[in-house]
Structures are given as C-alpha cells and as structure tokens.
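Q: I would like to learn how to read the features of a model like this one. Could we go through it together?

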Amino acid sequence: MKKNNHTIKNTKTKHLLLASILLIGAALFSILLLLLHLHKATKPDKIQKRQENPADCLLAYMDCVAAKDYEAMYAMLDIEASGNIAKEDFINRNSAIYEGIEMQNMRITNVRYDKENEIVCYETAFDTAAGEICFENEAYFQKTEDTYKLSWTDALIFPQLRKTDKVRVAVLEAERGEILDRNGRVLAGLGTAALVGIVPGKLQDQTADLAKIAKLLEMEQEAVEKKLDAGWVKEDSFVPLRTLPSVKEIELLSLEPKAEMVKEKERQENLLNIPGIMIGETEIREYPYKEAAAHLVGYVQNVTAEDLKEHEGEGYTANSVIGRTGMEGLFEKQLKGNNGCRIYVTNQDNREIAQLAKKDAQHGTDLTLTIDAKLQVSLYEQFQDDQSCTAAIDPGTGEVLALVSTPAFDNNDFIMGMSQEQWKILNEDEKKPLYNRFRQVWSPGSTFKPVIAAIGLETGTLNPEEDFGSEGLSWQKDASWGAYHVTTLHDYAPVVMDNALIWSDNIYFAKTALKIGAKQLENSLITLGFTNKMPFEITMATAQFSNEEHIQTEIQLADSGYGQGQILINPLHLACIYSAFYNDGIILMPRLTGKQEQPPKAWITDAFSKETANRVLEGLIQVVNNPDGTGYALHREDLVLAGKTGTAEIKASKEDTTGTELGWMAVFTAQQDAARPLLMVSMTEDVKGRGGSGYVVQKVKKVLDQWF
C-alpha cells in the first residue's frame, strides 16, 4: 500500500531522533568508564601517599579511635614493637577506657613529624563524661617495606598511662533537693537506714541460714540466692540484701517506746545472730512525717531499666532514684540535680596517680511548700481512721496550708523495698490507703448552699429577705415530680436566706435553684471554674454540674441547689470559692510553692460583687455563731468564725435506701485581722449513723483548737 509523504516524513524524523539518543547515551557511558578508570588509577596512589607519611598514619589511626573501630586500629600496629599485644587484649583495653569515659568528638591538632626520629608530635582533645580532656602526646612509627606501622603503648591513650595502671570513672552523686514546709521543716530529705548484707564465705549452713535470712527480711529465698550468684560476688564480698529502718536507741530508752521500733530491734538482733550477716548504715531519702504527708509529698524509687530508656540522656544511672508520685514526681527535675563525674588513673597498688578530668555535681534545688507541717499532722491524726480528705488555705493569700488524704501509707516503705505481702495488703485494703482523695471530686451536699445563695443574689433571682413560706419537712414543685420530694430536717420561720443557711434548709435552696434556672446556673458555675482545669501545681479532678453536657431535668436542677444531683467538686476548689466570701467577691488562685511574701493572685476576679460576698458572709457567720446553727459547735469567744456544714447522700438511685453519706465542714476566719487566718474544707466518707456532718465538726474543732 502506498504511504503518503506526510507519513514518510514523520518516520524519518523518529529514526533520526532515536539515533541521536543512542549516540548521546554511548558518549555518556564512555565518559563514565573514563572517570571510573581515573578514580581507580588515582586511589592507590592517594592511599600509598598517606601510608608513606607517619603524620597521615597517625591521623588515620585517630580516625579509627574516634569511630571506635578497634580492629582497624590493631591492623595499623607493628605487633612486635607493640610488645606482641594480643588482638583481644588490645581491643579490651582500648574499648574499656574510651567507652568507659564516654569519649566523643575527638580533635587532633598541631601534628608535627620529626623525620629524623620518626616521631609524630600532636595534641589531642575530646569530650568525656567528666568534661573535656586535652593533652600533648607522641607517637612512634616503624618503617616497613611500603609503609609505617605504629609502635603502640598504653601511653598513646593517655601520656601518663602505663600497662599496669587503670583508668577509673567515679560518679559524683548529686544530692537530691529537700522538700520543706513553710517554716523550714523537712518533709523529704536525707536520712539513714540499716543496710543488711551477707559475706558468703562466713555462712555455715547455707541452705538453712538463707531460709532464716529470707524470712526475717520478708524476701523470697530465690531472690537472696540470686544476689549471691552475681558474677562479681566472692567469698569475702559484702552482698547488700535490703535496707531496714534504723533502730534509734534514744527512742527505745523512752518511757513508752513505739512498738514497731521494739519489733525492728528484735528483728535486727535475730539477723545478727546468723553467721555471715552484717548490718551497716546507708544514706536514703527519708520522709519524717510518714503517713501524714504521704499523698502530698509522694516518694522516690530506684530507677528501672524502663526509666533509663525513657529518660536517656538526662543523667540517670543504675544507682539513681526517681520521683514517682506527689511533689517528688511533680518536681523531679528541680529536685534531682545532675551528677558529676571524675576520671582518674590508679597504679597497680590502687593508688591514685593522676586526675584526668572532673565535673562537679550540681545538687538538686530545695523545694519549699506553703504547707504547714503541724496543721498537716493535726488533720491526719484526727482523720487517720477515716476515709477522708481536707484542703486548707490562707483565705487572704491563697497559700495552701494542708492537703491531707486518709487513710494513708508510710512512703518510707517504698524506699526500703516492700515485700509482696506488704504490697498485697496495701492494694487489697478496703479503705484504699493508696487512693489520693484530695485530688478527687465529691458531692458537696449543703456546703454548696452558700454558692447557690451567692449566684441567686448575683443574678438578681434571689431576694434574701423574701419569706419562701414553710413547706414542712417535705416538698415538691407539683405533681409532675411523681413520688419525688425534696426533704429537709428542720421546720423554722421566717424562711429567709440567713435562716435557711442557719438551719441548712434543702427546700429553700431547691426553690432558689429553680428560680435561677438551669442555663443561668450552668453559666454561673462555669464562671466559678466548673468544667475547667484548676490553676494549681497538682492536677485536680474537674468540677461538674452534670454527668451530661447540661442539667437534664427540673428535679436535677432542684437537687443541685443543695449540692446533690450530679454536682461534684474538689475540696480545694470549694475552698477557693469560699475565699470569695473573705475577699469581697474575688476567688484567689491556690498556690503550693513560691515565696510566702509574694502577693496573692486572683483566679476569678468577677466571681461575685462585694455586696453579694459580704451578704453571704453574714449568713455563714450565723451558721457558726447562732446557737441554732448547724456549725455552732465550732463557736469561739476569741475570734469570729464562719462556715457551713454539709451532708451528701450517696446512693445508686433515688429509690436506694441503703446508700451512705459524706460529711462536710467548711470553716474560715471571718475577720481580716485574724492572727492566724485559715480556711478549711473537710470531707469524710460513710458518716451515716455516725452523726453525719456533726462527726466531721467534732474532728475539725480539735484541729482548730490546736491551730489557734
């Protein structure tokens, strides 16, 4: 078939283009082969030139040192001139030193070749765990047929190092900062403990003795045997097993020595009766206030392999401790400090002959809390047998004076090392001593009524002088509530705000909440910090007004008026809201750290007006100072206190009749010129049948008597 001219022309063009591409590709391939040939031709000359120059040989060797390529280093040696050192010995010696001191960033400078003596003089500098090490040195080379070989000695590592010398690295432990209360009392600091260990060679009947030792130390026998089987252990080694509390003889001489101290002395005497046991003294982290401040201060523990991996590069070693909970964990970086390091040389007699580098330890910074340790202890002693928590602040500054959760645990036990039985008892205790209650939210009951009163006044929905009328002891808005009624304990008249606070009237505040309305109440509570994180050093659970996004029903709204429904709040948060009644409507920001003299900071400046705050304050003063007030048991002649009691029912449903009760007491000094201002909110679980809030009031009274 005949092709047209256009088709023929296109075909020729394609052929020409293909030929051009092939020619260009062939040319590029030829150039590449030429370059490879030139590279191969010049590379041996370059290596040969470097090998012929001792200075370059030294630089090549030092490149391998920097790369920790010990086999390549060994390949550059004149073995005979290097004392016929075996490859394995060479690698072990160099790797142990360079890696032990954490050598990095090696710099070789001022290289000078003495041709006559075939000596290379040079200067070395590199970084180590103890800082920079720099020195002048010399290297000797032996001429072979086609190159130079290094005559290696230990002095090539450090000029003063000899074959029998050892390079040692000592960690200079940083002292952990102390945790102090506002008056300088030590909450966490340096203490001593008894260190129990075994000298294996002195054991007589190993099987029987180890069984006795394990039982006395509350350890598994296999764990004791594992420590004795460690590779470093010799017959005359002291093998640490466990730390125990120090037996303080002065305490044992007292008229009534503590039972646990007497028991500890007996245990250690029984241990010392076993051949091979030795008990010495060791420094540990100590918590003098034990259970009284355990949840607040927290504790440290020895680092684990996981800790070392997670905190790699932060200066932790296998011997370090790390804060786990409380202030110890929260301020770990400040308290920890940074270890120092010293690198030095010892001779065969283990005598130090040279110090190569030293970096001083940077000790941890002390942490001073606003806590008053005496108040902390006083609260703990009153509530130690209860499931309870208390937050106490200075109402004029926001400084937190106490944070107590009971029951508690002895945080020293975590330092000493707990037996499995101890840990099991702690974890399975029904009262949950490990549970930090002051961080949680709780149903506030009637302690919430002043907050509702203030919101009602502030929104203009409540007239404090309006008489709501007596409803008896049970009330419901209308028949739409079905069988549900709001109940109260007292019938009184007139039914006005002050009397409602004095008599703690649920019906009055249920009506007030309905007047305020769900939307307005939600907005007001959000203004008071609900649904938002508290601005505080410790993370506290967030206050809520509903389990859902909004208050769902009219009954829930009414119950919210007297601190029930689904209202939940943290005791410290509630204490801060109460600070507004002391500070003309300003809610102070709580503070646990920092200098005492620093001015207070407002958390919420527009919580309430001055008029609203002072009007509610008048009612709270009556609660404590009116003989009919539910808090009258706290009345004092020497100063004016204000406050509010509270009881919150905790039940599975509205029909539940087996639920328990939370007892509350919020109390504060009402006078601005009080010598020792205090605002305290205490909550105790399960007060049903024990006097309700009255049970808490009696405990708080004893604390206030000690404080004032």
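Q: Leaving aside its neighbours within four places in sequence, which residues is Gln 382 in contact with?
A: Contact means heavy atoms within 4.5 Å. By that criterion, and with neighbours within four places in sequence left aside, Gln 382 is in contact with Lys 699, Lys 702 and Val 703. Gln 382 itself sits in helix H13 (residues 373-383); helices are DSSP runs of H or I with at least four residues, strands are runs of E with at least two, and both are numbered from the N terminus.

Q: What should I know about the model before reading further?
A: This is a predicted model, in which local features need pLDDT of at least 70, side-chain atom pairs count only at pLDDT 80 or more, and totals for chains, interfaces and linings use all residues. Residues are numbered from 1 along each chain as its sequence is written, and side-chain values use heavy atoms, with hydrogens and water left out.

Q: Is Gln 382 buried or exposed?
A: Buried means under 20% relative accessible area, exposed means over 50%, and partly exposed is in between (1.4 Å probe, protein chains only). Gln 382 has a relative accessible area of 15% and is buried.

Q: How many helices and strands does the protein have, and how spread out is it?
A: There are 23 helices and 23 strands. The radius of gyration is taken over C-alpha atoms, and the globule rule is 2.2 Å times the number of residues to the power 0.38. For 708 residues the rule gives 27 Å, while the protein has 39 Å, well over that value, so it is more spread out than a compact globule. The C-alpha trace spans about 120 × 110 × 50 Å along its principal axes. Of the 708 residues, 48% are buried. Among contacts with a separation of 6 or more, 66% come from residues 24 or more positions apart.

Q: How is a pair of packed helices described?
A: The description consists of the angle between the axes and the distance between them. Here the axes are lines fitted to C-alpha atoms, for helices over the stretch in contact, and angles run from 0 to 180 degrees between N-to-C directions. The axes of H21 (residues 571-582) and H22 (residues 610-625) come within 7 Å and cross at roughly 100 degrees. That makes H21 roughly perpendicular to H22; angles under 35 degrees count as roughly parallel, over 145 as roughly antiparallel, 65 to 115 as roughly perpendicular and the rest as oblique.

Q: Which residues make the contact of H21 with H22?
A: H21 contributes Tyr 578, Ala 580 and Phe 581, and H22 contributes Ala 613, Val 616, Leu 617 and Leu 620. By class, this contact has 7 nonpolar, no polar and no charged residues. The classes are: Ala, Val, Leu, Ile, Met, Phe, Trp, Tyr, Cys and Pro nonpolar; Asp, Glu, Lys and Arg charged; the others, Gly among them, polar.

Q: How many residues of helix H18 are buried, and what do they pack against?
A: In H18 (residues 506-516), 9 of the 11 residues are buried, and the helix is mostly covered. The buried residues include Tyr 508, Phe 509 and Ile 516. Their packing partners include helix H16 (449-459), helix H17 (497-502) and helix H20 (554-560).

Q: Where is Pro 444, and which residues does it touch?
A: Pro 444 is in the loop between helix H15 (420-428) and H16. Its relative accessibility is 0%, and Pro 444 counts as buried. Beyond neighbours within four places in sequence, Pro 444 is in contact with Gly 563, Ile 567, Ile 569, Leu 574, Ala 648 and Trp 664. The C-alpha atoms of Pro 444 and Glu 649, 205 residues apart along the chain, are separated by 9.6 Å.
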